Amino acid sequence: MTARDIGAADSPIVPETLGRLKEEFVERGFAVVRGLFGYDEIDRLCAEFAALHAAGPVPGHFEPRPPDGSGPADPLRVYPRVMHPHEISTLAREFLLDARLRTVLESLFGEEVLAAQSMFYFKPPGARGQALHQDNFYLRVEPGTCVAAWVACDVIDRDNGGLEVVPGTHRMGLFCPEEADAGLSFAREYVPPPPGLTAVPVDMAPGDVLFFNGSLVHGSRPNRTADRFRRSFIGHYAGRSAERIGAHYRTLSLSGARIRLPESEGAGPCGTEDAPHGPH
């Protein structure tokens with residue numbers, strides 16, 4: 001499904017196509033909109049984060065560290081993910097609240113939408129991936145679940161650590177994670193695919209957006225390439241009817257107004273990097 005189908009900046013929205021997108025989302029737990037953002041928009045976004053990286057740390061959002069010299073260099077020390085960049089970057093905020101995302105998200109939720117979080121992953125060559133997990137294990141949106149809008153900023157495939165999803169798990173509850181292999185995943189939690197279900201790769205091009213349910217098990221493998229980054233911008237969203245969310249997530253209306261929700265229990269940052277959390 002392409003942006004021309006569902007309403008790019010210069011195209012009218014086609015309700016029938018939004019309906020098909022929602023059917024696919026309900027059936028599989030995810031759907032891809034190809035080319036929702038233009039190459040020029042993605043280039044601007046990548047340039048913004050390249051400048052942020054060059055400028056150095058931003059406490060609480062972006063905290064690169066020099067190699068520690070204790071073993072093989074970890075690329076993620078130099079290129080960690082950026083947390084809540086919409087709070088420090090006007091451009092990131094524009095992407096998080098973009099009207100095209102809003103159109104799709106309101107169709108998927110069937111109601112007004114709140115933005116809960118943004119992230120940017122550099123995932124440089126040699127970087128570890130993130131073991132299979134469920135986003136709502138961290139956000140703890142109640143009732144219901146969250147939805148992610150995962151924007152590809154590079155050509156993304158299996159070689160450079162593209163996403164894998166486990167269709168069908170979106171109909172299931174939250175699983176109790178196991179310990180991930182630290183040599184393959186920067187995050188500690190790992191959810192094995194349930195019996196009979198299999199992880200499948202989702203190849204993407206710059207400007208494609210993967211929308212997926214917060215209970216959908218998904219993750220990525222290491223970037224095995226020598227010279228290709230796998231950059232991505234991610235927004236997490238909740239329906240306006242949500243009553244609680246983790247304290248880490250400072251929800252906004254898509255017009256940008258702060259909407260405070262009571263805190264849910266057991267929540268934490270999306271992907272625990274140094275210690276497990278929540279019920280195990």
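This is a predicted model: local features need pLDDT of at least 70, side-chain atom pairs count only at pLDDT 80 or more; totals for chains, interfaces and linings use all residues.
## Overall make-up

The protein has 280 residues, and 54% of them count as buried. Its secondary structure consists of seven helices and 13 strands.

Strand E3 covers residues 113–121. Nine of its nine residues are buried, so the strand is largely enclosed by the rest of the structure.

With E12, residues 232–239, the pairing is antiparallel and runs over eight bridges. Within this pairing, Tyr-121 stands opposite Ser-232 of E12. With E2, residues 82–83, there are two bridges, and the strands again run antiparallel. Here Met-83 has Met-119 of E3 as its bridge partner. Strand E13, residues 252–253, is likewise joined to E3 by two bridges in an antiparallel arrangement. In that case Leu-114 faces Ser-253 of E13.

## A four-stranded open sheet

Another group of strands forms an open sheet of four, in the order E4-E11-E6-E9, with antiparallel pairing. Strands E4 (130–133) and E9 (200–201) are at the edges and have a single partner strand each, so one side of each has no neighbour in the sheet.

Strand E6 consists of residues 163–166 and is joined to E9 by two bridges, the two strands running antiparallel. Val-165 stands opposite Val-200 of E9. In a regular strand, side chains alternate between the two faces of the sheet.

## Glu-164, a buried residue in E6

Glu-164 is part of strand E6. Its relative accessible area is 11%, so it is buried, the limit being under 20%. The side chain of Glu-164 forms a polar contact of 2.9 Å with the side chain of Arg-221.

Apart from neighbours within four places in sequence, Glu-164 touches residues in several stretches of the chain. Its contacts include Leu-132. Ala-199, Val-200 and Pro-201 are also among them. Further contacts are Val-217, His-218, Gly-219 and Arg-221.

## Asp-208, a buried residue in a loop

Asp-208 is located in the loop between E9 and strand E10, which covers 209–213. Asp-208 is buried because its relative accessible area is 5%, and the limit is under 20%.

The side chain of Asp-208 is joined to that of Arg-34 by a polar contact of 2.9 Å. Asp-208 and Val-33 are 175 residues apart in sequence, yet their C-alpha atoms are 5.8 Å apart in space. With neighbours within four places in sequence left out, the contacts of Asp-208 include Val-32, Val-33, Arg-34 and Gly-35. Trp-150, Val-151 and Ala-152 are also in contact with Asp-208.

## The second largest pocket

The second largest pocket holds about 270 Å³ of space. It is lined by 15 residues, and those closest to its centre are Ala-131, Leu-184, Tyr-190, Ser-220 and Arg-221. Arg-221 is also the residue whose side chain makes the polar contact with Glu-164.

Strands E4 and E11 (217–220) each contribute at least two residues to the lining of this pocket. E4 gives the largest share, with three residues. Divided by class, the lining of the second largest pocket has seven nonpolar, four polar and four charged residues.

## The cavity

A search of the whole structure found one cavity of 30 Å³ or more. The largest cavity contains about 30 Å³ of space.

Its lining is made up of His-133, Gln-134, Phe-137, Tyr-138, Phe-175, Pro-177 and Val-191. Five residues of the lining of the largest cavity are nonpolar, two are polar and none is charged.

Definitions and conventions: Residues are numbered from 1 along each chain as its sequence is written. Side-chain values use heavy atoms; hydrogens and water are left out. On a 1 Å grid over the protein atoms alone, a cavity is a set of points where a 1.4 Å probe fits but cannot get out, and a pocket is an open set with protein on both sides within 12 Å along at least five of seven lines; lining residues have an atom within 4 Å of a point. Grid points are joined across faces, edges and corners, and a volume is the space filled by probe spheres set on the points. Ala, Val, Leu, Ile, Met, Phe, Trp, Tyr, Cys and Pro count as nonpolar, Asp, Glu, Lys and Arg as charged, and the others, Gly among them, as polar. Two strands pair if DSSP finds at least two bridges between them. Buried means under 20% relative accessible area, exposed over 50%, partly exposed in between (1.4 Å probe, protein chains only). Contact means heavy atoms within 4.5 Å. A polar contact is a pair of N or O atoms within 3.5 Å; within protein, one must be able to donate a hydrogen and the other to accept it, and residues adjacent in sequence count only if both atoms are side-chain atoms.
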